[in-house]
Amino acid sequence: MTTATPDRSALRGAVGVAHTRVEGRDKVTGAARYAAEFPFADLAHGWLVLSTVARGRIRTVETAPVLDMPGVLAVLHHGNAPRLNTDYIGMLGVPPDPASAVLQDDRVPFAGWPVALVVAETPEVAREAAEALVVTYDQEPHDTVLVADHPGAYAAAGHMAAETGKGDLEARLAASAFVVDEEYTTPEEQHSMMEPHAATARWDGGRLEVVDSNQGAGWVRSELAAMFSLDASAVRVRSEHIGGGFGSKGLRAHQVSAVMAATALRRPVRVVLTRRQMFSLAGYRSPTAQRVRLGAAPDGRLLALEHRSLNQTSTVYEFVEPSAGVARVMYDAEAHHTANHVVRLDVPSPTWMRAPGEAPGSFAIETALDELAERAGLDPIDLRLRNEPETGPVSGLPFGSRNLAACFREGARRFGWADRDPRPGVRREGRWLLGTGTAAASFGAGAAPSTALVTAQADGSFTVRITAADIGTGARTALTLIAADALETAPDRVRVRIGDSDFGPAMIAGGSMGTRSWAWAVTAAAAELRERLATTTGIPPEGITVRSDTTEALGSLARKERHSYGAQFAEVAVDTATGEIRVRRMLGVFAAGRIVNPLTARNQLLGGMTWGISMALHEEAVRDRNTGGHYAPDLAGYHVATHADVPDIEADWVDDHDPEDPVGIKGVGEIGIVGAAAAVANAVHHATGVRHRHLPIRPDRVLTAGTPGPAGGAVGA
C-alpha cells in the first residue's frame with residue numbers, strides 16, 4: 001500500500017483534452033442501468049406512507065383492511081418495524097437524521113414524515129394500498145414560517161464556526177463615507193434531479209446488498225451498517241449510474257425502509273420515491289434571511305463588513321446553511337463580523353444543495369457590493385478589485401492561488417463591459433429595458449482521504465477500482481484520463497470501475513472535492529504500480545494490483561486558503577408592463593485549477609450558471625402555513641429554468657496554478673452557480689433602476705417596483 005504524493009509531471013497527454021463520456025453510449029442507448037432498473041428475482045415493492053399533519057402523534061394505523069388486499073405482503077409502522085441504532089456519528093461527522101431512521105416511534109415532526117411502508121407484489125398494488133391505509137393523528141400546533149426576527153433563532157456551527165469577528169463594527173461604520181445596511185432573502189429550493197431516489201435491498205448469503213442511487217456508496221454502507229448494527233464487511237452498496245444528486249443523495253428513508261422490508265420478508269424489496277415525496281424526504285435548500293452591512297472609505301475600500309444569515313431546520317435534526325461563510329473568504333475589512341443562525345421549525349431538515357452556503361450567501365453579499373459601488377460612484381468590478389485581500393480575511397492563511405482579478409479582467413473584455421453606460425434605466429429596445437450586471441464567485445477546493453486500487457492486466461490493459469460516484473459530472477471519464485496519463489498509456493487501455501463500496505473507503509461526490517480526492521488516490525497508486533512494473537518480467541493472469549491511501553499525504557499538505565474563483569456577467573431585458581425578465585446572455589470566467597476534461601468541465605459550469613438563472617427568476621417552493629405542506633410539490637408547480645430561458649450562455653476559464661498543490665484540481669461542480677443569481681439581479685437593477693433583494697424576481701415583484709415586504713415578514717413572501 002502506498003501513501004505517496006502524486007507526480008504531476010506524469011499527468012500529461014489525455015488530461016486537458018476534450019473527451020466524450022466513456023459511458024455516454026451506454027446512457028443514450030439504455031444499456032446503463034439506474035437504481036430502479038436492475039432486475040431481481042422475486043422482487044417486492046415498497047411504498048412509503050407520509051404524514052398528512054405537520055406536528056403531532058400517530059393515534060392508529062389501520063393495517064387490517066390493507067393487509068386483506070390481494071398482493072399486499074406487509075405493512076411496517078412504528079409498532080412492528082425493526083428497531084434501529086441511531087446512537088452513532090456517521091462518516092461525515094454527524095449523527096443520522098431521524099427522518100432516515102424511519103418508523104421508530106409515534107411522533108410526527110413535520111408534514112411528509114414517514115409513518116408506514118406498504119410492501120406488495122407490484123408497485124401498482126403497493127401504491128393503491130398505501131393510499132388506502134388509514135392513519136389517524138393527535139394534532140398539535142405547528143410553526144412552519146421562517147421570519148427574520150424569529151425569537152427562537154440561535155447561533156449554530158454546522159461545518160464551520162457559527163460566528164467570527166474582529167474590530168469595532170459600529171465605530172468603523174460610523175467612520176465610513178458610504179454605508180450599505182440591507183436585508184436579503186432567498187426562498188426554499190428543491191434539488192429536482194432527473195432520477196428520483198431509489199434503492200433495492202436484498203440479503204445474499206448472509207450479506208446485505210443494496211443497489212442505490214447515491215453520492216457515496218461507502219458513505220451509505222457505513223450508515224446502514226451502523227444503523228442495523230452490522231459489521232461493515234457484511235454490507236455492500238452499489239451505485240453505478242446516478243441521474244443527478246446535487247447534495248441530496250445520502251442516507252434517506254427509502255434505503256432504510258427497503259432494508260427493513262427485505263429483512264422482514266427475506267426477499268428483495270425496492271423502494272422508489274415519487275417526485276412529490278422527494279419534496280419532503282430528499283432535503284432541500286433552506287430559505288434564508290440575511291443582513292449585510294458594509295462601510296467603505298471614500299476610495300471604496302471596506303472599513304466594515306457584517307454578514308448575518310438565518311436559516312430554518314427541523315425540530316429533530318439540525319442543518320446549517322452557512323450563507324455568511326462566503327464573506328469569510330471573499331472580502332476583508334478592519335471590522336469584520338459574520339454569523340450563521342438557525343431556527344427550529346416544524347419542517348423537514350434541509351440538506352446540502354449545490355454550493356451550500358455560497359449560493360444564497362453570494363446573492364446577498366454580491367448584491368450589497370453592487371449597492372455600495374453605486375453609492376460610492378465606482379464601477380462594480382473596480383470596487384471588487386480594490387478590495388482583494390492578501391490573506392484569508394478570517395483565517396489569516398495565505399491563498400494557494402487567487403486569480404479572481406484575472407477572471408474579472410478576461411470576463412470584462414469578452415463581455416464588452418467597458419462599453420457599459422453605468423446609469424440605470426437608460427438602455428431601451430422597444431418595450432424592453434436592458435441592463436448588465438456582474439458578481440464574484442468562490443468555492444472551496446478541498447480533498448478528503450481516499451483509497452484506490454489499480455491493476456495491471458496480463459493483456460496490457462489497466463483496471464482502476466475506486467468507490468467514487470459519477471452523479472452526472474463526468475467523473476468516470478475524468479478518472480479514466482487521469483489514470484491513463486499517470487500510467488503513461490492511452491485512455492482506451494484503462495477501465496475505471498466506480499460506485500461499489502467493496503472497493504474501499506473514498507471521498508463522496510460532494511463539496512467539489514470528489515475528482516480532486518479520487519485523482520490523488522488514483523495517481524498515487526499508478527505511480528507505485530509503474531515502479532513495480534519496471535522491475536517485473538511478466539504479469540501473472542490475475543494481474544498486479546496496488547492499493548493507495550492518501551490519508552498521510554493529505555495530512556502533510558500545507559495549510560492554505562484553497563478555492564475556485566469566478567466572475568459572472570449577465571445581460572437582461574425587462575418588460576416593466578408585464579414584469580417579464582429575460583436573460584439575454586451570460587458569461588462566466590473561472591479560475592478552477594487544472595481542467596481535466598474541458599468538455600465535461602464546461603458542461604458543469606454551464607449547468608451551475610443555468611441553475612443561477614433559475615434561482616434568480618424561477619425557483620421557489622412555497623409552504624401552506626396552515627397545513628405545513630407544499631403548494632404544488634412537483635415539477636408543474638415548482639418552476640425551473642428551461643432551454644427557452646437560456647439563449648446565450650458561455651463558460652470559460654483562466655490559467656490557475658498553485659505550485660505547492662500536488663494535484664492541481666479544484667473542482668467545478670459548484671462554482672458555476674455561485675454569484676450567478678447576484679449577477680442577474682444586479683443586471684435587473686441596471687436595467688430598471690429598482691433594486692431587488694428578495695429572490696426569485698417574480699413578475700409581480702417587478703410590477704410592484706420590487707418593494708420589500710414588511711420588516712420581519714416571512715421569507716419568500
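Student: Is D138 buried, partly exposed or exposed?

Tutor: This is a predicted model, and in it D138 is partly exposed, with a relative accessible area of 36%.

Student: Which residue forms a salt bridge with D138?

Tutor: R59 does, and the closest N and O atoms are 2.5 Å apart. R59 itself is exposed, at a relative accessible area of 52%.

Student: How many salt bridges does the whole structure have?

Tutor: A search of the whole structure finds 56 salt bridges. One example is R584 with E429, at 2.9 Å from N to O. That pair links distant parts of the chain, with R584 in strand β25 (residues 580-591) and E429 in strand β18 (residues 427-429), 155 residues apart. Both are partly exposed: R584 has a relative accessible area of 28%, and E429 has 41%.

Student: Which residues are linked in a network of salt bridges?

Tutor: The network consists of E410, R413, R414, R602, E650 and D652.

Student: Changing topic, is T63 buried or exposed?

Tutor: T63 counts as buried, because its relative accessibility is 18% and the cut-off for buried is under 20%. T63 is located in the loop between β2 (56-62) and α2 (64-67). Leaving aside residues up to four places away in sequence, T63 touches V75, H77 and L133.

Student: And the surface: which residues form a nonpolar patch there?

Tutor: M91, L92, V94 and W352 do, with about 290 Å² of accessible area together. M91 sits in the loop between β3 (72-77) and β4 (107-108), and M91 is partly exposed at 39% relative accessible area.

Student: Now the overall fold. How many helices and strands does the protein chain have?

Tutor: The protein chain has 17 helices and 26 strands. Its radius of gyration is 26 Å, close to the 27 Å that the globule rule gives for 717 residues, so the chain is as compact as a globular protein of that length. Of the 717 residues, 61% count as buried.

Student: What is the average pLDDT, then?

Tutor: The protein chain averages a pLDDT of 95, and 97% of the residues score at least 70. Over residues 706-712, however, pLDDT stays under 50, and the model has nine contacts beyond four places in sequence for that stretch.

How values were computed: Residues numbered from 1 in each chain as written. Predicted model: local features only at pLDDT ≥ 70, side-chain atom pairs only at ≥ 80, totals over all residues. Heavy atoms only, no water. Patch = residues over 30% accessible without salt bridge, like charges linked within 9 Å, V, L, I, M, F, W, Y side chains within 5 Å. Areas by Shrake-Rupley, 256 points an atom, 1.4 Å probe, with all protein chains shown as cover. Salt bridge = Lys/Arg side-chain N within 4 Å of Asp/Glu carboxyl O. Helix = DSSP H or I, 4+ residues; strand = E, 2+ residues; numbered from the N terminus. Buried < 20%, exposed > 50% of the residue type's maximum accessible area, 1.4 Å probe, protein only. Contact = heavy atoms within 4.5 Å. Rg over C-alpha atoms; globule rule 2.2 N^0.38 Å. pLDDT = per-residue confidence, 0-100.
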